[in-house]
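I opened a structure today and kept notes as I went. The entries follow in the order I made them.

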Amino acid sequence: MKMTLHLGKRSYNIILKRGALANLHQLADLNRKVAVVTDSGVPAQYAQTVADQCKAARIITVPQGEASKSLKTLEAVLYQMLDFGMGRGDLVVAVGGGVVGDMAGFAAAVYMRGIDFINCPTTTLSMIDSSIGGKTAVDLGDTKNIVGAFHQPKVVVVDFATLDTLPRRHYVNGLAEAIKAGLLADAELFDLFENGDVDKNIEKIIYRSLQVKRRVVEKDETEAGLRKCLNLGHTLGHGIEAVKGVKGRRKTGLFHGECVALGMLPMIEEEALRKRTLAVYRKVGLPTRTTFDAEKVYAEMLHDKKAQSGKVTVIKVPGLGCWRADTIPTSELRTLLGLNG
Ligand SMILES: NC(=O)c1ccc[n+]([C@@H]2O[C@H](COP(=O)([O-])OP(=O)(O)OC[C@H]3O[C@@H](n4cnc5c(N)ncnc54)[C@H](O)[C@@H]3O)[C@@H](O)[C@H]2O)c1
């Protein structure tokens, strides 16, 4: 399967195929210096498969986990790129999940004011969502994605075979973003979750989710308006993630997609649809509720870059396949968290 994300001169193909990683040389110019960035949890053979096809490659492995989306790790990666003697015409390839993609993409965006970048996502979350659209970033402390840039990849290569090694909880975690895409704009995708076999349909689920995101990004690359819809569940989700997420020394907690899943629930206005979504969460194994200190989550949400002006735009889902943006005073987030009554 193949689709093209149309952005004028910055258009690129998204290739979806089992085994595609071994064919990267047919999809991109690897006849240059290539920094292959991966993390310690991604099976090493995936980065090696890419490196073996390059004229000159250096594999850069960062520690696994969200903590690697930091300025410190970014600096270490940039030093390695400099040490490797990379120049303007060279290339960064990310092989991993959203953490590697976001951080390596940002390294490519800032090294020599921007060099080529290719994303090879290896988690459901990164295949379904984060690998396309050009958002690259690192976190500052617990404040997510606050330092970043828009930097579109040259090609995105989704090799379904890499999912064979992905731990089940990470596999399920990424499905939250696909359920999001269904809720926002694709009733048939939501139906695959409600009535289908999710594992058997995973390639279709990834493809349809990417189509939803592609259409949005094509119309609004830099999130001037429409693209905000993709933040469904993220304002609350990021607050929950800051307080309860797996981060730094906190080894237990919720993953990003799990937090987004919880953050979406109060945004679904139709009660029947909220119940159907909860049933889908139960079916796939996403959390349906969690205990958290709502005051702390509220305080964290105020740090969110989208809430800095005293107002925040949240995305609400009035019914399946449609959404609206609602700009509310940040104090109303308290109500959504159940703090006012
Ligand atoms: N840029 C965007 O548009 C965007 C969108 C959504 C989320 N994100 C970001 O994505 C990040 C989360 O991404 P994620 O859920 O992929 O997490 P992740 O990158 O941390 O990957 C999850 C874990 O799986 C391991 N792993 C990866 N691929 C594997 C494989 N094939 N087999 C075995 N293990 C594997 C990794 O080592 C890691 O420990 C967050 O930082 C979030 O902010 C970005």
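**Entry 1: a residue in a helix**

I started with Thr277, which I found in helix H11 (residues 271-284). The model is a predicted one, and I kept that in mind throughout. Is Thr277 buried or exposed? I looked up its relative accessible area, which is 0%, so Thr277 is buried. Next I listed what Thr277 touches, leaving out residues up to four places away in sequence: Ile179, Leu183, Phe190, Leu265 and Ile268.

**Entry 2: helix H8**

I checked the length of helix H8 (residues 202-219). At 1.5 Å a residue its 18 residues should span 26 Å, and the end C-alpha atoms are 26 Å apart, so the two agree. Which residues of H8 are buried? I noted Ile202, Ile205, Ile206, Ser209, Leu210, Gln211, Val212, Lys213, Arg214, Val216 and Val217. I then looked for what covers these buried residues and found, among others, strand E1 (2-5), strand E2 (12-16), helix H5 (124-130), helix H6 (168-185) and helix H7 (187-195).

**Entry 3: two helices that cross**

Two packed helices are described by the angle between their axes and the distance between the axes. I looked up both for helix H9 (residues 234-244) and helix H12 (residues 294-303): the axes come within 8 Å and cross at roughly 115°. The crossing of H9 past H12 is right-handed. On the H9 side I wrote down Thr235, Leu236, Gly239, Ile240, Ala242 and Val243 as making the contact; on the H12 side, Lys296, Val297, Glu300 and Met301. Sorted by class, this contact has six nonpolar, two polar and two charged residues.

**Entry 4: cysteines**

How many disulfides does a search of the whole structure find? I got zero. Cys120 is in no disulfide, and the nearest cysteine sulfur, that of Cys54, is 9.7 Å away. Cys120 has 1% relative accessibility and therefore counts as buried. Cys229 is in no disulfide either; its nearest cysteine sulfur belongs to Cys322 and is 12 Å away. Cys229 also counts as buried, because its relative accessibility is 2%.

**Entry 5: positive phi**

I noted that Met112 is not a glycine, yet has a positive phi of about 50°. Where does Met112 lie? I found Met112 in the loop between helix H4 (98-110) and strand E6 (116-121). Its relative accessibility is 38%, so Met112 counts as partly exposed.

Asn145 is not a glycine, and its phi is positive at about 55°. I placed Asn145 in strand E8 (residues 143-150). The relative accessible area of Asn145 is 19%.

Note on methods:
Residues are numbered from 1 along each chain as its sequence is written. This is a predicted model: local features need pLDDT of at least 70, side-chain atom pairs count only at pLDDT 80 or more; totals for chains, interfaces and linings use all residues. Side-chain values use heavy atoms; hydrogens and water are left out. Axes are lines fitted to C-alpha atoms, for helices over the stretch in contact, and angles run from 0 to 180 degrees between N-to-C directions. Helices (H or I, at least four residues) and strands (E, at least two) are DSSP runs, numbered from the N terminus. A crossing is left-handed if the near helix is turned anticlockwise from the far one by less than a right angle, and right-handed if clockwise. Contact means heavy atoms within 4.5 Å. Ala, Val, Leu, Ile, Met, Phe, Trp, Tyr, Cys and Pro count as nonpolar, Asp, Glu, Lys and Arg as charged, and the others, Gly among them, as polar. A disulfide is a pair of cysteine sulfur atoms within 2.5 Å. Buried means under 20% relative accessible area, exposed over 50%, partly exposed in between (1.4 Å probe, protein chains only). The expected span of a helix is 1.5 Å times one less than its number of residues.
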